Amino acid sequence: MATAKYVFEIGSKSVKTFTVQANACKKAENSPMKPLLIASPMEEGDYPVVVFLHGYLLYNSFYSQLFNHVASHGFILIGPQLYVVSGADTTEEIKSAASLLDWLTHNLASTLPPQVRPDLTKLSIAGHSRGGKVAFALALGKVVSSPIKISALIGIDPVDGMDMGNQTPPPILTYNPNSLKLDLPVLVVGSGLGELKRNALFPPAAPKGVSHEQFFTECCAPACYFVAKDYGHVDMLDDETKGFRGNLTYCIAKNGKERKPMRLFVGGIMVAFLKAYLEQEKGTLMAIKDNPGVAPVEVSTCSFLQ
């Protein structure tokens, strides 16, 4: 079982993390519509691609340490800045995410380090909080269809709205078990403290009934579900998140004692899941399933649909 622990540590590959600004290229069609944070291995090779969608009112830069962790195990991470201020409706974010996927097919390779080749036949969509909802929406073909095939889906503490009956449009959850017909492997990661209020001023960051448990309940096989017991909704972010929005992450949600263990857990379980379903290396994921104690956090739920 000790071998499973390696995914919860920084991997062996050197990583370059950089930004690509919108409209930065001489030819407009070569520029992404939204700014991108990219983390890529430096070594020559073909690497699967993960598009990661940030949470509500957060910046993509807040996930740089998580991106570095996953990329160091042999994946290319792409994090668009979908919005800064947005209303309840996620339609425009879904359209922007779909446009990014189209841009990747024509332009990603030219932005990466020399001899690093993106393998878009192994494309995954991941998202945190509201970004998790957008990831599910794109995989389900809500609003628009994905321009390229999505091979795996990851929801990190996904949130579909404020409460049952108060979902943000377009709604994802149907409240019928196994109703999300995705036809691809899904990983759902939840936070044990996300459903709790930090104080009387703010509602729970991931309210029960519209968050991780319900998302997994509605998934079909194959799907994996892990909950980190003593950690909160934003505990996978960088150790330090600066500025007004960064400071908010410390006070609007109930948090664990520190962020590093949750971030290592999220990064590690993402790596184990992606290796299992994109590279057919299922040993590590099954080892974690059989012994969740290898994780750097206490796992209160570990469930599989196979």
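Helix 2 (residues 91-111) lies across strand 1, strand 2 (36-41), strand 3 (45-53), strand 4 (76-80) and strand 5 (116-128), and runs at about 150° to strand 5. The structure is a predicted model, in which local features need pLDDT of at least 70 and side-chain atom pairs count only at pLDDT 80 or more, while totals for chains, interfaces and linings use all residues. Residues are numbered from 1 along each chain as its sequence is written, and side-chain values use heavy atoms, with hydrogens and water left out.

Helices (H or I, at least four residues) and strands (E, at least two) are DSSP runs, numbered from the N terminus. Contact means heavy atoms within 4.5 Å, and axes are lines fitted to C-alpha atoms, for helices over the stretch in contact, with angles that run from 0 to 180 degrees between N-to-C directions. Helix 6 (residues 260-278) lies across strand 3, strand 5, strand 6 (152-156), strand 9, strand 10 and strand 11, and its direction makes an angle of about 170° with strand 9.

The open sheet is formed by 9 strands in the order 1-2-4-3-5-6-9-10-11, with mixed pairing. Its edge strands, each pairing on one side only, are strand 1 (15-20) and strand 11 (299-305), and the twist averages 15° from one strand to the next. Two strands pair if DSSP finds at least two bridges between them; strand 9 (residues 186-191) and strand 10 (residues 223-228) pair in the parallel sense over 6 bridges, and Val186 stands opposite Ala223 in strand 10.

A search of the whole structure finds 1 cavity of 30 Å³ or more. On a 1 Å grid over the protein atoms alone, a cavity is a set of points where a 1.4 Å probe fits but cannot get out, and a pocket is an open set with protein on both sides within 12 Å along at least five of seven lines; lining residues have an atom within 4 Å of a point. In the table, a volume is the space filled by probe spheres set on the points, which are joined across faces, edges and corners. Ala, Val, Leu, Ile, Met, Phe, Trp, Tyr, Cys and Pro count as nonpolar, Asp, Glu, Lys and Arg as charged, and the others, Gly among them, as polar.

| Space | Volume | Lining residues by class |
|---|---|---|
| Largest cavity | about 40 Å³ | 6 nonpolar, 1 polar, 1 charged |
| Largest pocket | about 580 Å³ | 15 nonpolar, 9 polar, 4 charged |

Among the residues that line the largest cavity are Pro32, Leu36, Pro80 and Leu100. The largest pocket is lined by 28 residues, of which Tyr56, Ser129, Met162, Pro204 and Ala205 lie nearest its centre, and helix 3 (130-140), strand 7 (161-163) and helix 5 (243-248) each supply at least two residues of the lining.

The structure holds 10 salt bridges, a salt bridge being a side-chain nitrogen of Lys or Arg within 4 Å of a carboxyl oxygen of Asp or Glu. One of them joins Arg130 and Glu93, whose closest N and O atoms are 2.6 Å apart. Arg130 lies in helix 3 and Glu93 in helix 2, so the pair ties together parts that are 37 residues apart in sequence.

A cis peptide bond joins Pro169 and Pro170, with omega about -10°, and Pro170 is placed in the loop between strand 8 (166-167) and strand 9. Another cis peptide bond joins Ala221 and Pro222, with omega about 0°; Pro222 is found in the loop between helix 4 (212-217) and strand 10.
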